[in-house]
Amino acid sequence: MPNLRIVVVNTVIHDEDDESLHAQAERARVLRIGLLEAGYDIIASLPPDMYLPERIAQLQPDMIIVDAESDARDVLEHIVIATRDERRPIVMFTEDQDPESMEAAVEAGVSAYIVAGLQGERIKPVLQVALAQFKREQKLLDELSDTKSKLAERKVIERAKGLLMERQRYTEEQAYQKLRSMAMSKNLKLSEVAQRILDVEDLLG
C-alpha cells in the first residue's frame, strides 16, 4: 500500500492561546509524520469547507483521512458531498465518542472510525485494514448492482416476450428466438432489443 495518494481533511487552526487547538495541531503533526514514515504520499491537507468536493474531484486521492477533534458530524457533512459520486476509502481519527457520530460516520461510508487512537505506529495497520474493508464493501456493492441490473434486464425481456406472444401469437420459445435473432442481426444485447420493442409499443400506444 505504499505510494497511496492521501488527502488529509482537518480543522486545525493555529492559535497559541487555545489549548484545545494546540492539541489539534499536535494531532495533525503526529498524523503527518506517521503517514510520511509509512511511505504514503500526502497530496494535500484541506479544511472541511464548501470547496472540499471540488478539491477532492481535482486531486483524485486514493484515500481520505479525516482528523476531527470533536466535530466529526460537521466534517462528515462535507465528506458525504465530496465522495457522493465516486466512493473512496475514508479513515476518521477523532475524539468524538458519541454513538450517533459513529453511526453517522458508518452511514456516510467511513471505512474506519478510530477514537482516541492517533499514535504514529498505529496509522499504517489502520489504513491497511480500512483499505481491505473498503475493497470488500465495494465488491459487495458491485455484485449487488450487477444482480439488480441483470434482474431489470430479465424483466424487460419477459415483458417483450409477452408482447410478442400477444401481438404475433408466438409461443414463449418462438418469442424468445425472435428476440435472439433480432439481437444477433443488429449486434445488440437481448435486453436492448427487448427495450426497443417496448419503446415502440409505448410510442404506438
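Me: What makes six residues in the lining of the largest pocket nonpolar, one polar and three charged?
Reply: The class follows from the residue type: Ala, Val, Leu, Ile, Met, Phe, Trp, Tyr, Cys and Pro count as nonpolar, Asp, Glu, Lys and Arg as charged, and the others, Gly among them, as polar. The lining consists of L163, L164, R167, Q168, Y170, K178, I197, V200, E201 and L204. That gives six nonpolar, one polar and three charged residues. This is a predicted model, where local features need pLDDT (the predictor's confidence in each residue, from 0 to 100) of at least 70 and side-chain atom pairs count only at 80 or more, while totals for chains, interfaces and linings use all residues. Residues are numbered from 1 along each chain as its sequence is written, and side-chain values use heavy atoms, with hydrogens and water left out.

Me: Why is the contact between E137 and R87 called a salt bridge?
Reply: A salt bridge is a side-chain nitrogen of Lys or Arg within 4 Å of a carboxyl oxygen of Asp or Glu. For E137 and R87 the N to O distance is 3.9 Å, so the pair meets that definition. Helices (H or I, at least four residues) and strands (E, at least two) are DSSP runs, numbered from the N terminus.

Me: What makes K150 and D146 a salt bridge?
Reply: Their side chains meet at 3.3 Å, N to O. Both residues lie in helix α5, four residues apart, about one turn of the helix. K150 is partly exposed, with a relative accessible area of 46%, and D146 is partly exposed as well, at 39%.

Me: How do you know that the buried residues of helix α4 are on the same side?
Reply: The buried residues of α4 are S101, A105 and A108. They cover an arc (taken from the directions from the helix axis to the C-beta atoms) of only 65°, which puts them on the same side of α4. The face turned away from that buried side carries the exposed residues P99, E100, V106 and E107.

Definitions and conventions: Buried < 20%, exposed > 50% of the residue type's maximum accessible area, 1.4 Å probe, protein only. 1 Å grid on protein atoms, 1.4 Å probe; cavity = no way out; pocket = protein on both sides within 12 Å on 5 of 7 lines; lining within 4 Å.
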